[in-house]
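Trainee: I would like to go through the terms used for this structure and check each against its cut-off. Where do we start?

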Amino acid sequence: MTDRAVLDELGMTRRIPRRDFLNGLAVTLTGAVAARNVTAAARSGDAPQSQSGTAAQTPYPPARTGLRGNYDSAVREFDAIQKGTYRQFPAIDNDTREDYDLVIVGGGISGLAAAHFWRRALGPAQKILVLDNHDDFGGHAKRNEFSYGGRSFIGYGGTMGIATPYPYSYTAKRLVEELGIQVERNGEFLNRGAFQKLNLGPGMFFDREHFGEDRVVAGNGRIPWPEFFAKAPLSEAVRKDLIRLHGQNPDYLAEMSADAKMALLAKISWQDFLLKHAKVHPDAILFFRGQGGRNNKRIDTTPALEAALRGSVGFNGLHLPERGETFRESSYTFHFPDGNASLARLLVNRLIPSAFPAANLTMDTIVQAPPDYTKLDAAGSSMRVRLSSPVVRVQHDGDLHHARSVRVAYLRDGKTHAVRAANVILACNNALIPALMPELPDSQKQALAYAVKVPMMYTNVLVRRWTSFARLGVANVNSPCMLHTGTSLDPGSTVGGYQGVTVPEEPIVVHMTSNPNKPGLSRKEQNRLGAQQLLTTTFEQFELEIRRHLGAMLGPGGFDPASDIVGLTVNRWPYGYAYTYDSLADPDVPPEQRPHVIGRQRFGQVTIANADAGAAAFTNQAIDEAHRAVEELLIKNGLT
Ligand SMILES: Cc1cc2nc3c(=O)[nH]c(=O)nc-3n(C[C@H](O)[C@H](O)[C@H](O)COP(=O)(O)OP(=O)(O)OC[C@H]3O[C@@H](n4cnc5c(N)ncnc54)[C@H](O)[C@@H]3O)c2cc1C
């Protein structure tokens, strides 16, 4: 088939109103045979346009499609900041002469929560400015919206919801309560009925490049494993080993005491355990590529002990002592159709009620109450949120010990601007802070630079109908080894006038997840390279890979990527989850010597919030760290 024919078949050549990225960088995506074709086409100047690209200029940011998340212009300056371009406080094109009680760098949940806590302590007359580099607030908690056939479809572009792998503190719970979110109503908001009615469940997609043929097998975890693996395109040796692992295993470490087993497992990866101790066929490892441990660790970066304690396969013959690894409060779970974007909206609704159709919106009304973005930064308002404004430098006015204010420089519309603040909270990425404030002590800068955020991608694909999923009997599919390892139907919720999906003939958002990595390297190195891959891959390359993936996977169910895909938003998050420590990759040091604790120390009138400062990638950490940062400044200023 010619390049053009491949692109036609996948729907890449359909016209769209506007297309943002056509630079055809030669990045090879996993399994993207066709991607090489489109790259060549793009280079030759013959790059086609498809129907699902960027509606970038709609005034309502959640409706912007194409490349979102940490999109190009939002993070373009990060590299220059990191390289020391702003070591000297930059010449300012526009000194706004604005003076604030508090400037917050970062408009994610942490920054917004910090504004809330500050006002709760000192009242609404306090002048606060939140600066963020994106065109929407919420940080990772972003909403994606599509419009099709006169109906709107909402998806989550990042933070999926309130979840409790770590229990919520009373500080975080109180905030959730103040926002009127009753987590116990989660069942009403989750719309799983349509899938249950059709008995749709999990499946695995074995792709041609890694498994020799394209095939979806439904029922992993639902039907007996021998039956499941009998349908999968695997060699006899691999099939036998996978059946063994998924059944009752012998004790592969029979000669060791329980303590010795635990000590060994803490220091080897799950993959090494399977290869060296369970002696599985190396090709069996491919099946697990896409699975792993907490914080998106993969089979080769998950400590075997963590995998064992999570109940992963291979360990049930070891007779490890029961260990309640983490205290779980399982009911503390909640999901809005746009994930925690609604939580961010509820926060902003409390901070700037005039930007919303009504004050004090509730969990029932927030989903259908879009903010007026032009009112977030109103002159004269004591509470302002300024978007598309990356901060490049933060410096005390004069000597650290006597300074009464801090200058904050940011970029906006290609110019440098400056504001002054009595206090500053850095609720942004830890790794950038040493360059924003080079005056910090070296030990603190080193500690802030220790962690490497986890790169992630949440892709939302609006499809015309989901009959192909129904025919294949799946609602969510794991695709080991592929760029997107997770694909699931997102049924939405029927809440506050928003309508979730009910039948397969309706359009639906298909949510795909990706954690780009480079198996075999250390975890931090994999994170770095994964982020780099996200930053250098064009939207067209992502789109082509997505079309090819969905076409190969769902084709036997009747899916046609060219006509069935009617909207596409790729939320790339090179600066994704906060880094968490583990026994394989990090030294075992006392909690108070952890880099995030050393890194988050207050420095004069400036302190640090954000989930990185808690070394845990969850909303509750973002809230807790905001609370700590506010309290630190209140104590410093004698305001408690
Ligand atoms: C894809 C994805 C899914 C997730 N799912 C969940 C989930 O389901 N549940 C959960 O609890 N957590 C989830 N998380 C974790 C999430 O990170 C936390 O829940 C929380 O939202 C982090 O908030 P934050 O404010 O600390 O950081 P962020 O959300 O990253 O916000 C920080 C903001 O500061 C901005 N910023 C950085 N540098 C600058 C600068 N120089 N100038 C101006 N602004 C700057 C950033 O761009 C960002 O907008 C998810 C994260 C990702 C990436």
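Mentor: With the polar contact: a pair of N or O atoms within 3.5 Å; within protein, one must be able to donate a hydrogen and the other to accept it, and residues adjacent in sequence count only if both atoms are side-chain atoms. This is a predicted model, in which local features need pLDDT of at least 70 and side-chain atom pairs count only at pLDDT 80 or more, while totals for chains, interfaces and linings use all residues. Residues are numbered from 1 along each chain as its sequence is written, and side-chain values use heavy atoms, with hydrogens and water left out.

Trainee: How many residues surround the ligand, and which are the closest?

Mentor: There are 35, and the closest are Asp132, Asn133, His140, Ala611 and Thr619. A residue is near a molecule or strand if one of its heavy atoms lies within 4 Å of it.

Trainee: Which element gives the most to the shell around the ligand?

Mentor: β16, with three residues. At least two residues each come from α4 (109-122), β12 (454-463), β16 (565-577) and α22 (619-636). Helices (H or I, at least four residues) and strands (E, at least two) are DSSP runs, numbered from the N terminus.

Trainee: Why is the pair Lys83 and Asp79 called a salt bridge?

Mentor: A salt bridge is a side-chain nitrogen of Lys or Arg within 4 Å of a carboxyl oxygen of Asp or Glu. The closest N and O atoms of Lys83 and Asp79 are 2.9 Å apart, so the pair meets that limit. Side chains of opposite charge can pair when their charged atoms come close. The structure holds 37 salt bridges, and a network of them links Glu98, Asp377, Arg384 and Arg386.

Trainee: Is Lys83 buried or exposed?

Mentor: Exposed, because its relative accessible area is 64%. Buried means under 20%, exposed over 50%, partly exposed in between (1.4 Å probe, protein chains only). Asp79, at 45%, is therefore partly exposed.

Trainee: What separates Glu525 and Arg528 in helix α18?

Mentor: About one helical turn, because they are three residues apart in α18 (residues 523-536). Glu525 at 30% is partly exposed, and so is Arg528 at 41%. Helix α19 (residues 539-554) has Glu545 and Arg548 three residues apart, again about one helical turn. Their closest N and O atoms are 3.6 Å apart, so this is a salt bridge too. Glu545 is buried, at 1%.

Trainee: How do you know that Val130 is buried?

Mentor: Its relative accessibility is 0%, so Val130 counts as buried. Val130 is found in strand β3 (residues 128-131). Among the residues it touches are Ile104, Ala115 and Met383, where contact means heavy atoms within 4.5 Å.

Trainee: Why is Arg239 called buried?

Mentor: Its relative accessible area is 13%, so Arg239 falls under the limit. Arg239 lies in helix α10 (residues 236-245). A polar atom of its side chain lies 2.7 Å from the backbone oxygen of Ala232. Arg239 touches Phe229, Ala230, Ala232 and Leu234, not counting residues up to four places away in sequence.
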